[in-house]
Every structure is written in C-alpha cells, then in structure tokens.
There are 2 protein chains.
Amino acid sequence: MIDKNFSFSVLKEDGLARVGKISTQRGEIDTPTFMTVGTQGTIKAAFIDDVIATGAQVILSNTYHLMIRPGVERISRIGGLHQFMNCPLPILTDSGGFQIMSLSKMVKIDFEQGAIFNSHIDGKKFILSPEESIRIQKKLNSDIVMVLDECPKLTNDKKIIHNSLKLSYSWARRSKNEFGNNPKKALFGIIQGGLYKDLRLESLEGLKKIDFDGYAIGGLAVGETQKQMFEILSNIVPKMPYKKPRYLMGVGTPSDILGAVKNGVDMFDCVIPTRSGRTGLAFTWEGRLNLRNAKYQKDDTPMCSYSNVRSINSYSKSYINHLINSNEILASMLITLNNIVFYQDLMKKIRTAIKNNAFDVFYNKYIDLI
Amino acid sequence: MIDKNFSFSVLKEDGLARVGKISTQRGEIDTPTFMTVGTQGTIKAAFIDDVIATGAQVILSNTYHLMIRPGVERISRIGGLHQFMNCPLPILTDSGGFQIMSLSKMVKIDFEQGAIFNSHIDGKKFILSPEESIRIQKKLNSDIVMVLDECPKLTNDKKIIHNSLKLSYSWARRSKNEFGNNPKKALFGIIQGGLYKDLRLESLEGLKKIDFDGYAIGGLAVGETQKQMFEILSNIVPKMPYKKPRYLMGVGTPSDILGAVKNGVDMFDCVIPTRSGRTGLAFTWEGRLNLRNAKYQKDDTPMCSYSNVRSINSYSKSYINHLINSNEILASMLITLNNIVFYQDLMKKIRTAIKNNAFDVFYNKYIDLI
C-alpha cells in the first residue's frame with residue numbers, strides 16, 4: 001500500500017471514448033477497465049494470483065452476500081476483505097441495493113430505516129440503511145464504495161421510477177454524510193431513472209450537487225434491449241462529469257462494453273466471463289465457443305492461442321470438452337481463466353485503439369463478432 | 001523426453017525402509033514416492049502445473065475411466081495422455097481390473113476373453129482382455145503399465161481367492177507377451193492373494209517367473225484393518241525382488257504409508273488427498289483438520305504454514321471455512337492443493353529420514369498423529 005489519495009485523470013480521447021487512469025492506495029487502474037466479480041469473497045473457480053496475472057487491476061465484491069455470509073465482523077477482524085480473500089488489488093464493493101431487490105425475500109423499503117429484508121440463505125432479517133451500507137463497506141475496507149440506492153425493476157410506470165429516484169437521492173446524500181472525508185477511498189453515486197432520459201438527467205443533476213468521486217449508471221442490463229441501453233448511454237454519459245470515472249454497473253457482453261466505451265464509459269463489471277466459465281462457454285477473438293458441443297471432440301487445437309497464464313494455451317478443445325462431459329472442476333477452472341484473460345485482453349486492446357485514434361476501426365471490426 | 005530406459009536402483013536402506021530412484025524417459029522419480037491420482041485425465045480441482053510445483057514426479061491415471069470416456073482413440077490421436085492432459089511427468093496407468101470389479105455393471109470374467117462388462121456411465125458393453133488392456137495403455141503412452149488382473153472382493157473363502165490367482169497368473173503372462181520388449185517403459189505384475197500369506201507368496205513366485213520391471217501389491221486397502229494390511233506387508237514385501245520397485249496399490253492414509261515404507265514399499269497411490277480436498281478435510285503436520293467445523297470460523301491462522309505453492313500459506317482457516325459453507329469451488333482448489341503439498345512433503349521427509357538412518361524416529365513421531 002502506498003500513501004496516495006484516490007484520483008482520476010483522462011489521458012486520451014478518441015471521439016467520446018477515453019483512456020484514463022485511476023490512482024488508489026493499492027495501485028493504479030487503467031481505464032476503460034473491467035472488474036471481475038468476486039461475489040462471495042472469491043472469484044469463482046479462480047486463484048486470485050491467476051486473476052492478477054491476466055492483467056486485472058481491480059475486482060468487485062458484493063456487500064449483500066458478504067454481510068449475510070460470513071458476516072462483516074469476521075472479515076474486518078482479519079483486516080478487511082483484501083486480507084480475508086488474499087487480494088492485493090483495489091476492491092470496489094457495491095452497496096447491496098441491487099441484490100436486496102433481486103435475491104432477498106424483501107420485506108419493505110422504508111424511507112428512513114432503509115431496506116428491510118430476509119436473507120436468501122437462511123431467512124434471517126436484516127435492516128440495511130444507507131449509513132449501515134457505508135459502515136459495512138468501510139469495515140470491508142473497500143477502495144471504492146457505492147451509495148445505497150433502490151434498483152426498481154424494469155417498468156413502463158414512470159411514476160414508480162420517479163418516486164424511487166427521490167428515495168435514492170435521499171439515500172445518496174445520507175451515504176455521502178456517513179462516508180465523510182476519506183481521501184484515500186472513493187464514494188460513487190449511482191444514476192437511476194430507468195429508460196427515461198429526463199429522469200436519468202434529473203438523477204444525475206441531483207447527484208452532481210452532492211458531489212461524488214465517481215458516478216455509476218445503475219438499472220441497465222436488467223432486461224432492456226442493447227439498443228435501448230445504448231440510447232440511454234448516448235444521452236446521459238456525455239453529461240456526466242468529465243473529470244470523474246464513469247461506471248456502467250453489471251455490464252456486460254464484449255459488444256455491450258464496446259458500445260458503452262464508444263459513449264465514454266470508463267468502468268465495467270459483470271459475472272458473464274466467470275459464469276460462462278462454469279457452463280462451458282469460452283470467449284475468444286474468433287467468437288464464443290460452446291465447448292460442450294460434440295464437434296469439439298474432434299478439435300485438438302487450443303481453446304486459447306495467445307495467453308500462457310497457467311498454460312491455458314496448452315489445453316485442447318477436445319480435452320476441455322472431455323472435462324465438461326466428465327463434470328471435472330478443471331473445466332470450470334480453465335474456461336473461467338480463459339474468459340478473464342479474454343476480457344482483460346479486450347480492455348487492453350480497447351485502450352490501445354483509443355490511444356491510436358483507432359477506436360472506431362476496432363469497434364466496427366468486433367462489434368458483431370464478439 | 002530423454003532417450004533413457006526404465007531403471008530402478010536402491011540408494012539407501014534404513015531397516016527394511018529404502019530410498020531409491022526410478023529413471024524414466026520423462027524424468028526421475030525419487031522413492032518412496034506418492035502418485036497423485038488423475039482418474040479421468042485430470043487431477044480433480046488442480047492445475048497440473050501446481051501439482052508439479054509441489055514436487056510431484058509421477059502421477060497415476062485410470063485406464064477403465066479413460067477407455068470409457070473419452071475413449072482411447074481421442075487421446076492417442078493427440079499423442080497420448082501426456083499431451084491430452086498437458087502433463088510432462090511420467091504417468092502410471094492401472095489396467096482397469098480394479099474399476100471393472102468395483103464400478104462397472106459386471107457381466108462376467110471369461111478366462112480366455114477377459115472381463116466382459118457394461119460401462120457405469122452409459123451401459124455400453126466392453127470386453128477387456130489382458131492383451132487389450134496393454135494395447136490401450138500403450139496407446140495412452142503410459143510410462144508404467146500394469147497387467148490386467150482380477151481383484152476379488154475381501155472374502156474369507158480361500159478357494160475363491162485361489163481360483164482368482166490362477167486367472168490373474170494366466171493374464172499376467174498374456175500381458176507380458178503383449179507388452180513385449182519395450183525398454184523405455186515398464187510393466188508391473190500385481191500380487192494378489194487376499195489376506196492369505198501362502199497365497200500371496202504363491203502369487204509372487206508365479207510373477208517372478210514371468211519377470212516384471214516392478215511388482216505391485218493389489219487387493220489391500222479394500223476393507224481389512226490396518227493391522228491386517230501391515231501383517232501381509234511384513235510377510236510379503238521382504239520377499240519381493242530387491243532390485244525392482246515395490247508398489248502398494250490404492251494406499252493410503254499417511255500412517256498407512258509410514259507402515260508400508262517401514263516394510264520396504266517404494267510406491268503408493270491413493271485418492272485420499274484429492275477426495276478429502278473436496279470434502280473439507282485438510283492434512284497438516286498438526287493432524288487432520290475438518291475445515292467445515294464451525295470452530296474454524298474464529299481461526300485466522302493459515303491452513304498451511306509452510307508452502308507458498310499458489311500462496312496456500314496465505315489463506316486463513318476462517319476464509320476456507322467460509323468458502324466451504326458457500327459451496328465455492330476455490331475451497332476444493334485450495335484444500336486439494338494443500339493435501340497434495342502435504343503428501344509430497346510427507347514423502348520427502350520420509351526419504352530424508354531414511355537417508356539419515358532416522359526412519360524409526362520419524363515413524364514413531366508421526367504414526368499416531370497424521
């Protein structure tokens with residue numbers, strides 16, 4: 001760890017796409033960046049050393065899951081989440097808001113008290129206020145902390161979305177108050193507003209008044225089409241503060257990322273590379289391969305041709321197809337690592353393309369392929 | 001690969017315990033050695049590079065499983081099992097005999113034709129003759145090939161065991177004929193005879209006449225007590241050819257290994273370290289730890305204190321307990337690797353103790369602890 005405050009600067013632009021650098025006390029993060037998801041304090045089926053060897057500079061973990069199991073006290077006792085999971089990289093934690101809505105047996109949202117819910121594991125009752133979410137994330141010792149917000153489901157009822165915005169705005173302010181003055185870490189606000197451009201703008205304007213270290217876009221990739229998502233992004237991202245990191249939460253496929261970078265987004269996270277690793281789906285520069293497919297029984301070429309992280313360029317598709325069919329854990333280990341390698345390689349190539357004023361060429365080459 | 005014939009020499013003795021060296025075209029193997037089991041062409045939940053980093057010099061794989069799935073042709077097409085599973089180490093393959101008896105839907109044993117059985121995966125009918133087992137192991141390109149034998153279940157009916165010996169003797173001779181002259185590889189005979197010392201001796205004498213590159217003891221660790229096993233070993237092992245490797249199949253716990261080495265055994269294999277890795281049981285020099293136990297929630301000390309292979313000395317018991325409770329694959333990955341590290345460390349310490357004429361001291365210190 002170095003004695004460094006959180007900071008961000010844009011280094012290069014190509015259209016709206018931009019290359020930047022986030023500095024944290026645990027290291028620098030080149031943007032656009034992709035954060036591999038370690039929901040329960042582990043990136044599923046991967047050693048953290050291997051994740052780092054792929055070039056990853058930051059990971060994400062989920063407050064909701066960790067507060068329920070193993071509980072925050074057990075993690076803070078050993079010094080925080082970095083020590084607990086043996087991860088030297090900076091960690092961003094979400095606030096728990098999204099999982100409370102999507103996973104828990106929700107009891108209710110109380111404007112003052114917070115979210116009242118029962119754990120999806122054992123039914124235990126929790127009350128998560130904006131202040132408590134921040135306190136938990138501080139105990140986890142997260143480098144980038146997210147405000148607690150409400151994530152309404154995709155709906156055409158504008159009034160529901162609008163009412164939710166007021167709640168999220170109030171909670172964002174309370175989150176900021178609880179976070180206080182903490183220059184070594186960052187607190188990000190979250191723009192909501194569904195698919196309504198005016199509500200998205202209203203949300204952004206409110207958050208800007210509170211003043212955050214970075215701004216996230218929440219409530220996308222929740223069932224809308226990619227076209228709808230890109231439309232919202234093209235409208236709201238250019239209006240987000242230029243000098244602060246812009247983070248699109250829970251996104252996405254490689255083409256989602258290409259389209260979002262084109263609109264000026266700097267940060268991403270998604271379970272796709274790791275979850276796909278456990279279902280036999282490999283991301284490659286030739287497109288996605290479903291290695292369960294019987295045709296790979298006859299294919300002795302390597303799954304990955306270019307990365308020697310953990311020798312993944314030395315395992316044939318036929319072998320990995322055999323591992324999948326035999327329910328061998330090594331299948332998940334190899335494909336997960338392949339996919340993390342691919343996503344990090346994608347982000348690196350995106351940054352290089354922007355630096356070379358060639359992002360559009362890169363975008364057009366790959367938008368329909370990967 | 002080096003142009004070297006298979007050979008073995010005893011380098012040091014301490015009582016009946018002995019340190020030796022097996023030379024193969026793929027590298028040397030210090031004995032006593034433990035072969036980690038890679039049943040389906042993968043050591044479950046472990047990268048082969050990590051297995052090698054633990055000091056492993058040879059692994060074992062199972063002909064029965066591989067002939068059924070993915071089939072031997074798919075493995076031989078890419079050059080053999082080493083290429084298929086990306087393993088540069090020497091590989092010993094068993095003959096399939098043990099799994100045919102224990103796993104398959106057995107149809108019958110035919111003295112001439114071989115074992116006739118249905119796959120436990122899809123019911124497909126197979127006929128495995130002694131000759132076919134050797135041909136398959138040649139196609140897998142195994143460095144150490146085992147004869148096909150019959151492995152009768154533990155029984156008090158001496159006649160059953162005796163009849164089985166005649167069959168196994170005939171099959172051993174046929175296996176040797178099929179193996180032919182093959183100085184780069186080794187063919188091992190397998191002593192059967194249940195818990196009958198006279199039958200064990202009869203089996204050994206028959207095999208010695210055929211003349212093998214090494215001799216294995218089969219049909220132990222199948223339900224008898226450790227005391228019964230040690231009695232058989234103390235009787236038969238000293239009568240086994242001094243200048244050939246002695247291999248106790250499917251054994252065992254650390255204390256089983258200590259007792260067998262004391263009687264002069266050189267080679268072991270067992271699924272215990274890897275299987276335990278997937279059930280939460282960690283082998284350590286302080287004894288076995290069931291990391292599922294709730295008491296480890298409060299234990300921030302590392303599971304393994306001495307090995308930095310894949311940083312396993314940096315993960316706390318509390319963290320691994322959390323991973324187990326959360327059904328995270330990383331739990332299996334970390335504990336499996338810990339156990340492979342422990343077994344390799346055990347064998348290294350055994351060899352050192354023998355070299356220092358201190359095996360009895362070592363044996364007495366650990367026989368009741370690990």
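Residues are numbered from 1 along each chain as its sequence is written, while chains are lettered from A and ligands numbered from 1 in the order in which they are written. Because the model is predicted, local features need pLDDT of at least 70 and side-chain atom pairs count only at pLDDT 80 or more, whereas totals for chains, interfaces and linings use all residues.

**View 1. Chain A as a whole.**
Chain A holds 14 helices and 16 strands. Both kinds of element are DSSP runs numbered from the N terminus: helices are H or I with at least four residues, strands are E with at least two. The C-alpha atoms of chain A fill a box of roughly 60 × 45 × 45 Å, taken along the principal axes. Chain A averages a pLDDT of 96, and 100% of its residues score at least 70. Here pLDDT is the predictor's confidence in each residue, from 0 to 100. The model scores ipTM 0.97 and pTM 0.97.

**View 2. A three-stranded sheet in chain A.**
Three strands of chain A form an open sheet in the order S7-S8-S9, with antiparallel pairing. Two strands pair if DSSP finds at least two bridges between them. Strand S7 (105-110) and strand S9 (125-128) of chain A are the edge strands, and each pairs on one side only. The twist averages 15 degrees from one strand to the next. Such angles run from 0 to 180 degrees between N-to-C directions, with axes fitted as lines to C-alpha atoms. Strand S8 (residues 114-118) of chain A pairs with S9(A) over four bridges, in the antiparallel sense. Look for Ile116(A): it stands opposite Ile127(A) in S9(A).

**View 3. The sheet S7-S8-S9 in chain B.**
Chain B has an open, antiparallel sheet of three strands in the order S7-S8-S9. Strand S7 (105-110) and strand S9 (125-128) of chain B each have a single partner strand, so one side of each is left without a neighbour in the sheet. S8(B), residues 114-118, pairs with S9(B) over four bridges. Ala115(B) has Leu128(B) in S9(B) as its bridge partner.

**View 4. A hairpin in chain A.**
S15(A) and S16(A) form a hairpin, with two residues between them. Strand S15 (residues 281-284) and strand S16 (residues 287-290) of chain A are antiparallel and share four bridges. Leu281(A) is the bridge partner of Asn290(A) in S16(A).

**View 5. Where chain A touches chain B.**
The contact takes 33 residues from chain A and 33 residues from chain B. Two residues are in contact if their C-beta atoms, placed from the backbone, lie within 7 Å. H12(A) gives the most to the side of chain A that touches chain B, with five residues. The residues of that side of chain A divide into twelve nonpolar, 13 polar and eight charged. Ala, Val, Leu, Ile, Met, Phe, Trp, Tyr, Cys and Pro count as nonpolar, Asp, Glu, Lys and Arg as charged, and the others, Gly among them, as polar.

**View 6. The axis between the copies.**
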